[in-house]
Amino acid sequence: MNSAYINSIGKFLPGQPISNDQIEDYLGKIGGQASKARHRILQSNGIQQRYYALDRQQNTTYLNSQMAAAAVRNALLKMNLEPTAVDLLACATSWSDLLIPGFGSMVHGELPEFSSLEITSNQGVCCAGIAALKYAASQVELGKKQVAVAVASELASRLFKHTHFEAQSRFKNGGEKLPFDTEFLRWMLSDGAGSFLIQNQPRADNISLKIEWIELVSHANAYPLCMYAGTEDETAQKSWMDYPSYADAAATGAINLRQNIRRLDDVIKLGVEGWLKLIESRRVEPKEIDWLLCHYSSDFFRGKIVELLQKADCMIPQEKWFTNLYTRGNTGCASIYLMLEELFYSGKLRSGQKIFCFVPESGRYTTAYMMLSVVEASTVAFSSLTEQYNSLQDSNSTQEINFLHPNSLSPNQQREENIQFASVNFSQGSIQAEQPNSVASDLLRQLAQAWLEFEHQLRSVPIGEQIASGRVYSRRLQSFVT
């Protein structure tokens with residue numbers, strides 16, 4: 001099995017950075033009225049600037065597929081690699097320019113300098129970019145492809161043009177105000193594209209990122225919609241295509257992009273639950289992480305993640321966290337690409353460092369995790385020799401350790417010996433250690449994981465979902481009451 005290395009990272013950000021005060025100059029004011037919620041939402045998310053593929057007249061300046069193609073070219077340029085060398089193009093977005101064909105076809109169509117090759121289209125929300133990368137990396141690892149490109153691109157701004165809302169019957173002539181689940185996203189999302197160039201050998205002239213593993217987990221079987229478009233409510237029982245006409249669907253707002261912010265805590269909890277499972281299985285060792293790249297849509301949710309990790313006693317120090325949310329904005333599935341691009345070329349990475357990436361998706365509750373390590377070409381050759389040596393020494397080293405420490409306890413015995421020193425308080429979902437040690441840390445993590453899993457399982461029971469959503473069925477009234 002080959003290894004897969006990210007050897008170059010490309011980006012494309014349309015136009016000039018747009019400050020908070022300029023947003024409505026590009027998106028427009030609905031009914032000519034400035035938004036009353038904008039300032040509060042921007043203050044909470046912490047974003048200071050973003051990029052839009054729109055001009056001040058709300059004209060689209062780049063197609064989504066054109067932005068993706070530009071990011072791909074940027075990655076190739078940084079490697080000075082011929083386009084014809086690429087034999088796989090994996091593309092991701094939340095909202096393509098066209099309904100049909102797939103986004104991959106449209107991006108490939110914007111790259112006439114490429115050869116005929118295999119393409120894929122990954123449609124989703126924030127995790128779609130990781131899904132595209134995972135497919136591309138797996139094909140390189142299997143030896144099926146030699147040079148693969150994964151690209152993620154988002155063009156959200158055109159969904160929020162004032163004219164879209166003014167054409168809807170509810171908001172005409174200064175009627176109803178935008179519901180918060182739509183208004184919220186207007187000040188959260190922005191445009192941009194990123195791309196990874198993946199090969200089975202690291203660069204000889206620079207650092208590379210070795211893809212150690214990628215994991216994606218969906219919880220859609222147990223949770224309803226959280227972020228969606230194409231229907232009027234979370235039940236999704238009526239698609240925009242089920243209306244008498246497309247105009248009727250648009251007029252009623254069925255095509256609006258929405259997010260139920262009351263459910264966002266569940267997105268974070270599920271993401272941290274998966275994180276704790278990775279720690280428990282020793283696939284993630286918090287002390288060994290040099291960089292944490294966490295895709296959170298708002299600075300507000302960073303605090304939520306920190307709180308949960310601290311309670312579970314597996315916090316990665318915040319000086320190891322890296323994000324460019326505040327200067328690039330929330331670009332959906334392209335966010336993790338743009339974060340890695342900036343870190344990759346920052347001069348801060350050193351050979352042997354580990355980078356852990358965490359991407360929660362609110363669409364219908366998906367979470368992605370990725371472990372990368374920084375390598376140089378010379379390091380790879382040395383590591384190969386080291387692995388061969390270690391494999392020959394495994395049995396002997398185990399015997400030697402036991403001989404040097406004949407009275408040492410097994411891990412299970414050590415746990416029993418020290419458990420009396422751990423004092424744990426479990427109250428209202430809060431877990432705290434009064435006398436932390438290695439055993440207490442294990443217990444905190446396991447209890448936090450158990451609590452999050454319990455909440456998760458509770459939601460799969462109908463009454464649990466009703467309670468969580470604030471709706472309880474009353475047999476006496478034979479109706480749902482809040």
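The lining of the second largest cavity comprises five nonpolar, three polar and one charged residues, where Ala, Val, Leu, Ile, Met, Phe, Trp, Tyr, Cys and Pro count as nonpolar, Asp, Glu, Lys and Arg as charged, and the others, Gly among them, as polar. These residues are Ile 47, Arg 50, Tyr 52, Trp 187, Met 188, Leu 189, Ser 190, Gly 329 and Asn 330. A cavity is a set of points on a 1 Å grid over the protein atoms alone where a 1.4 Å probe fits but cannot get out, and lining residues have an atom within 4 Å of a point. The volume of the second largest cavity is about 30 Å³, a volume being the space filled by probe spheres set on the points, which are joined across faces, edges and corners.

The model is predicted, with local features needing pLDDT of at least 70 and side-chain atom pairs pLDDT 80 or more, while totals for chains, interfaces and linings use all residues. Residues are numbered from 1 along each chain as its sequence is written, and side-chain values use heavy atoms, without hydrogens and water.

Two cavities of 30 Å³ or more were counted. Helices H11 (325–328) and H12 (335–344) each supply at least two lining residues, helices being DSSP runs (H or I, at least four residues) numbered from the N terminus. H12 contributes the most, with three residues.

Methods. 1 Å grid on protein atoms, 1.4 Å probe; cavity = no way out; pocket = protein on both sides within 12 Å on 5 of 7 lines; lining within 4 Å.
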